[in-house]
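Please walk me through this structure. I would like to follow its aromatic rings and then one of its strands.

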Amino acid sequence: MAKKTGQTIDFASIKAKMSDPYKKPLQVVDETGKIVNQELFDSFSDEELVDFMKKMVWERALHEQTMNFSRQGRLGFYAPTFGEEASEMGSVSAFTDKDWLFPAYRDLPQLIQHGASVTQGFLWSKGNAVGDDYGDTRAWFPQIIIGAQYVEAAGAALGLKKNGEKDAVAFTYTGDGGTSQGDFYEGINFASSFQAPAVFMVQNNGWAISVPRKTQTAAETLAQKGVASGVPGVQVDGMDVLAVYIATKEAREFAAAGNGPALVETLTYRFGAHSSAGDDPSRYRTKEEEKPWFDADPLIRMRKVLTDKGLWSQEQEDKLVEEYKNDFKASMKEAENTPTQSVVDMLKTTFEEPTPQVKADIARFEAKESK
């Protein structure tokens, strides 16, 4: 038998090329505020451009005021969103009231924009269950378990399909670290297997607490992680609110049309700490690494575009920030005046029909709370 020579499968070549379709992030306005895709830019009206800017200013103000509340000890856990305004406001604006949102803990701004109140956001942070009742708003409360919201969104998407709801999707968010979780793969695989209408957002903000993106996974892009499950993905400049909106809107249209799920990776950056718990970013990243991202600040680039068009001014922005922060202060007062949940309340809402043990616990704590 002749000795086999040569290479049947060129694995090195396959590996080198498998990221190619995903390495051209969609962009409309670049880091300097220059319009790089005039056709896409012209698809937005002046009113829409200003509205995107107002939403990003609102989120930046919410972050600043919420951090002040956290430092004052008036809130519980809070995950800062400083730097991710374009990724979050651009994406959530692409969905409708028919869509179900499954947020992670860094997604309070999207939750509020989708229909929850600022007061409910603060109540969630304070651990008050009243903050989880969104009435007719199609949203679940923020998920603390990393990646678990992907499984929840997949199930809701299948429910929408089984119920015959037209033009409705389930959408969810996770960070770059979340794509390393088993729930991420299970969620996208389940939704794809059943061709359920889901949109999976990945906010690649560079860090999973102190772990850099480059050590999270060997995948060159996170958008390509959907391929094995048959989920098409796209990478977009997550500091460009217009590009994020377009990519998300088209992903939603694809899913809502019955084509199964889609995945959108936004290249953004977490400017500050991972959470209000107090990690220090200066201990695990350098000023040199941070500078290009700060230079790409989504508010700076959009501010330049609108100012050049005569649609924006610093005076206008300062006035909005003051109005927003006053609203947030009023919302905090409302949250602080909301009665806290008792142990009995918690036990009564744990199950639709309490188990014998829970019934016994309810009786025991009712006796204590009545004293």
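A residue is called buried if its relative accessible area is under 20%, exposed if it is over 50%, and partly exposed in between (1.4 Å probe, protein chains only). Tyr-150 has a relative accessible area of 0%, so it is buried. Phe-184 is also at 0% and counts as buried.

The model is predicted: local features need pLDDT of at least 70, side-chain atom pairs count only at pLDDT 80 or more, and totals for chains, interfaces and linings use all residues. Residues are numbered from 1 along each chain as its sequence is written, and side-chain values use heavy atoms, leaving out hydrogens and water.

Now the rings. Rings of Phe, Tyr and Trp (its six-membered ring) pair if their centres lie within 6.5 Å; planes under 30 degrees apart are stacked, over 60 edge-to-face, and the rest tilted. The whole structure holds 20 aromatic pairs. In one of them, the ring centres of Tyr-150 and Phe-184 are 5.1 Å apart and the planes meet at 40°, so this pair is tilted. Helices (H or I, at least four residues) and strands (E, at least two) are DSSP runs, numbered from the N terminus. Tyr-150 sits in helix H7 (residues 148-162) and Phe-184 in helix H8 (residues 182-193), so the pair ties together parts 34 residues apart in sequence. Elsewhere, Phe-82, Tyr-269, Phe-271, Trp-293 and Phe-294 make up one aromatic cluster.

Next, a strand. Four of the five residues of E6 (residues 233-237) are buried, so the rest of the structure largely encloses this strand. Two strands pair if DSSP finds at least two bridges between them. E6 and strand E7 (residues 262-267) run parallel, joined by five bridges. Asp-237 stands opposite Leu-267 in E7.
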